[in-house]
Amino acid sequence: RFIDANNNPEVKLDSGQLVSFYKDDVKALPELPVAPLLPLGGELVSAVLKVGSKVEIIGSKTPGGHLGKKGEVTRFIDANNNLEVRLESGQLVTFYKDDVNALSDLPSPLPPPGGLGSAELKVGSKVEIIGSKTPGGHLGKKGEITRFIDASNNPEVTLEDGQVVSFYKDDVKALPDLPASPPSLPGSSDLKVGSKVEIIGSLTPGGHLGKKGEVTRFVDAENPEVRFDGGQLVSIYKADVKVLPDLPASPLPLAGGLGSEALKIGSKVEIIGSKTPGGHLGKKGEVTRFIDANNNAEVRLESGQLVSFYKDDMKALATASPLPPPGGLGSAVLKIGSNVEIIGSLTPGGHKGKKGEVTRFVDASNNPEIKLEGGQLVSFYKDDVKALPDVPAALPPPGGLGSAVLKVGSKVQIIGSKTPGGHLGKKGEITRFIDGNNNPEVKLESGQLVSFYKEDVKAVVASPLLPPGGLSNAEVKVGSKVEIIGSKTP
């Protein structure tokens, strides 16, 4: 420790004796390498406290009266993680680690000028550990560079076992890269402004695990800012973020169709190649979408895992035609005009529980576009959509235009809500019956034509019949122009 503000130190001699010295009597030996100093284990302190961390001085064990000051970690001076901090005033001070609290912030050191590493080592490079200068016994391990921790291009590597370790660059050898990394793999090239994401890790402080939101921007070369569904804006470590499956930006398929003739959205496929990394050879699944114009596809494997594959790795299995069933754009239940309820959350946007009407199908897998009751048009995965009981569209059977009470031309009032659309209390006139169950089509007073369940419709009491000798039905009929000449009708 330091015994006063002049930095006169107390030294523990090799014998174990503690002695206080004048600083002029002490010379530092070149034991530990100058920054970046890698403590035992090869990691830069903790996930929170690193070179570049923004910190606040919260203790007074270190002399000098720095309590409450803020600054940035410049290096670690020993294996105990005691550190040097550049205070906001510009002063460089060495602190006991117990006096320092990391502020909730992403590490601030920007990548070195000119890029994110050398031409050989860059963020995303697959590497092998070929040296032992970095402590921890990692020789021979493999992993991927996640960032560079200083301007000397010493990298942080996520090893294959998931451990994150900072290495001296001399210990790291870049492996030959895969040709064009797999397209749109979640969490890599698929992470972009606008991506729908879920927080799956806790490296970022604040308790956001399980929250969902959308990437608004990138705060540095890799870490995104996310607007949560609640509206909060938070900067998140990319390792905490998982990209959610999303519908294509346009509800229409890519120019050129919905894949090759053999491979379509909804196609059952088997993985027959290994160009896509991950060891999926022989697995089976279903194509959920095409991620680019080359028909490289995202597949939901039988395990439920979503993986983006090169098209050359996939073979379409013989299945029923993905075209809509004969006679309609959709299944027998889900068709254009169907009244539906959103029952799932695979489609992003928080629409679960909303109702609307199918306006069209956006692909051959019967994923529908729905006009919600608020007027919003949204493309949905069909698994999120449940058709509500609807009035059948069949023509009425020969021989009947309704019951004795409800007839074409009857004035009616809407008294129930089984029919969606919020028409309770409205009035109108029956224009026709759309099936043999006497479910009527009604022209509302607003002019809107709506098909109703008959249980929702009540006939308004007709005017009393005219007395004998009055105007006959031959003279007064549906469509007759009339004048009100009496007051018997209340």
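Arg-432 is partly exposed, with a relative accessible area of 37%; here buried means under 20% relative accessible area, exposed over 50%, and partly exposed in between (1.4 Å probe, protein chains only). The model is predicted, so local features need pLDDT of at least 70, side-chain atom pairs count only at pLDDT 80 or more, and totals for chains, interfaces and linings use all residues. Residues are numbered from 1 along each chain as its sequence is written, and side-chain values use heavy atoms, with hydrogens and water left out.

**Salt bridges**

- Side chains of opposite charge can pair when their charged atoms come close.
- The whole structure holds 11 salt bridges, each being a side-chain nitrogen of Lys or Arg within 4 Å of a carboxyl oxygen of Asp or Glu.
- Arg-432 meets Glu-441 in one of them, at 3.3 Å from N to O, and Glu-441 counts as buried at 14% relative accessibility.
- Another salt bridge joins the side chains of Glu-84 and Arg-75 at 3.4 Å, N to O; Glu-84 is buried, at 14% relative accessibility, whereas Arg-75 is partly exposed at 26%.
- Lys-196 and Glu-214 also pair through their side chains, at 2.7 Å from N to O.
- Lys-196 lies in strand β13 (residues 196-199) and Glu-214 in strand β14 (residues 212-218), so this pair ties together parts that are 18 residues apart in sequence.
- Both partners are partly exposed: Lys-196 has a relative accessible area of 23%, and Glu-214 has 32%.

**The open sheet**

- Strands are DSSP runs (E, at least two residues), numbered from the N terminus, and two strands pair if DSSP finds at least two bridges between them.
- Now look for 5 strands forming an open sheet with antiparallel pairing, in the order β6-β5-β4-β3-β7.
- At the edges stand β6 (92-95) and β7 (100-102), each with a single partner strand, so one side of each has no neighbour in the sheet.
- Strand β3 (residues 54-57) runs antiparallel to β7 and is joined to it by 3 bridges; Ile-57 has Val-100 in β7 as its bridge partner.

- Lys-70 belongs to strand β4 (residues 70-76) and is partly exposed, with a relative accessible area of 35%.
- Leaving aside residues up to four places away in sequence, Lys-70 touches Val-55, Glu-56, Leu-87, Glu-88 and Leu-103, where contact means heavy atoms within 4.5 Å.
- Lys-70 and Leu-103 are 33 residues apart along the chain, and their C-alpha atoms are separated by 9.2 Å.

Conventions. Helices (H or I, at least four residues) and strands (E, at least two) are DSSP runs, numbered from the N terminus.
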